[in-house]
Amino acid sequence: KPRPAGQGARGPPRARAAPFPTAAASHRKEHNMKILVVGGAGYIGSHVARECLDSGHSVTVYDNLSSGSKGNLFPEASFVEGDILDYPALLSAMRGGYDALVHLAAFKAAGESMLKPEKYSLNNLNGTVNILNAALEAGVGRVVFSSSAATYGEPKYLPIDERHPTEPENYYGFTKLEIERILGWYDRLKGLRFAALRYFNAAGYDVRGRISGLERNPANLIPVVMEAACGMRPEVQVFGNDYGTKDGTGVRDYVHVSDLARAHVAALEWIAKNDRSLTVNLGSEEGLSVLEIVEAARRVTGRPVPAKIVGRRPGDPAKLVASSALAKETLGWEARHS
Ligand code: WQD
């Protein structure tokens, strides 16, 4: 099993660079920041942009619309169509005098990442290095990064807390962990403060119905179940029912996207206030099985939601449930809608 580069190696030097100019010079309180949301036309990104606006911050979205959609943009937010692999365009967008950026622009299909690692290296790794270098060059001193429970790999204990070993089982999770490591070095060497938010399974839509962009060809369970509920696909394939779980099917920690969005704003404000970096899990702390999700969808929609048991999907752990104690303690965050 490939171990993440630098695993076990001594971390970056402990000396910390002075606080980044923006952090020191900016007198904007943490309550009316100018925020660049990279990937803000996407599923989670649009919810984060909405929450930033609702919290009184001003927002510009930078997105190449490769998976996001214009329908997910808000009139109150500016929009720059651009690619994170286009450094000049990214740098010019960054020069808007931003207090912080949120980075949610990544490919996220774990299965695909094992077939096309080069696609994930280019977009997730090179793309992020572009974002961080442009941020340093443009003087954006704070980053909230969309990380993932996939950084942990096979659970050694449950619930998973932030001390759990990070041994990703798929290349997607590896890219997320590598980015966290780069952020650690940029914090110590350049004073770039960050929050790495390790999402568990994001689900749901804006509880006030303001966002409705559907993901094209989803692979995640809940969108697949809802496509079966409305006849967009004939059935849900249940990947295995022979796991050592309550009903034999996979158990995951589903966290509502509106709860996730609130955590991003809390993290932005926390970094601005404390001028320190943070890595936290975001989960509901409750595990639900595939069959429980299918049953819930049948109950909520009143539709049959056909489901068929098939073989396991390689690389799937039986159960993944988060401890979000650290997010509660530092950000005062907890899942409300999950
Ligand atoms: C959930 C459960 C499947 C589809 C992945 C990424 C993770 C994060 C969330 C971005 C599992 C089962 C699924 C289907 C099924 N992504 N399932 N039939 O694999 O827990 O996590 O998405 O951050 O990084 O790895 O999510 O929704 O694919 O699967 O039976 O058609 O549903 O086996 O138990 P997963 P998922």
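The model is predicted: local features need pLDDT of at least 70, side-chain atom pairs count only at pLDDT 80 or more, and totals for chains, interfaces and linings use all residues. Residues are numbered from 1 along each chain as its sequence is written, and side-chain values use heavy atoms, with hydrogens and water left out.

Two packed helices are described by the angle between their axes and the distance between the axes. Helix α7 (residues 221-229) and helix α9 (residues 290-301) have axes 10 Å apart and pack at an angle of about 40 degrees; helices are DSSP runs of H or I, at least four residues, numbered from the N terminus. Axes are lines fitted to C-alpha atoms over the stretch in contact, with angles from 0 to 180 degrees between N-to-C directions. The pair α7 and α9 is therefore oblique, the class left once angles under 35 degrees (roughly parallel), over 145 (roughly antiparallel) and 65 to 115 (roughly perpendicular) are set aside.

The axes of α5 (residues 117-138) and α6 (residues 171-190) come within 10 Å and cross at roughly 20 degrees. That makes α5 roughly parallel to α6.

Turning to the ligand, 18 residues surround it, the closest being Tyr172, Leu221, Gln237, Arg252 and Asp316; a residue counts if one of its heavy atoms lies within 4 Å. A polar side-chain atom of Tyr172 lies 2.7 Å from a ligand oxygen atom. For Asn201, a side-chain N or O atom is 2.9 Å from an oxygen atom of the ligand, whereas Phe239 places a backbone N or O atom 2.9 Å from a ligand oxygen atom.

Terms used. Helix = DSSP H or I, 4+ residues; strand = E, 2+ residues; numbered from the N terminus. Polar contact = N/O pair within 3.5 Å; in protein donor to acceptor, adjacent residues only side chain to side chain.
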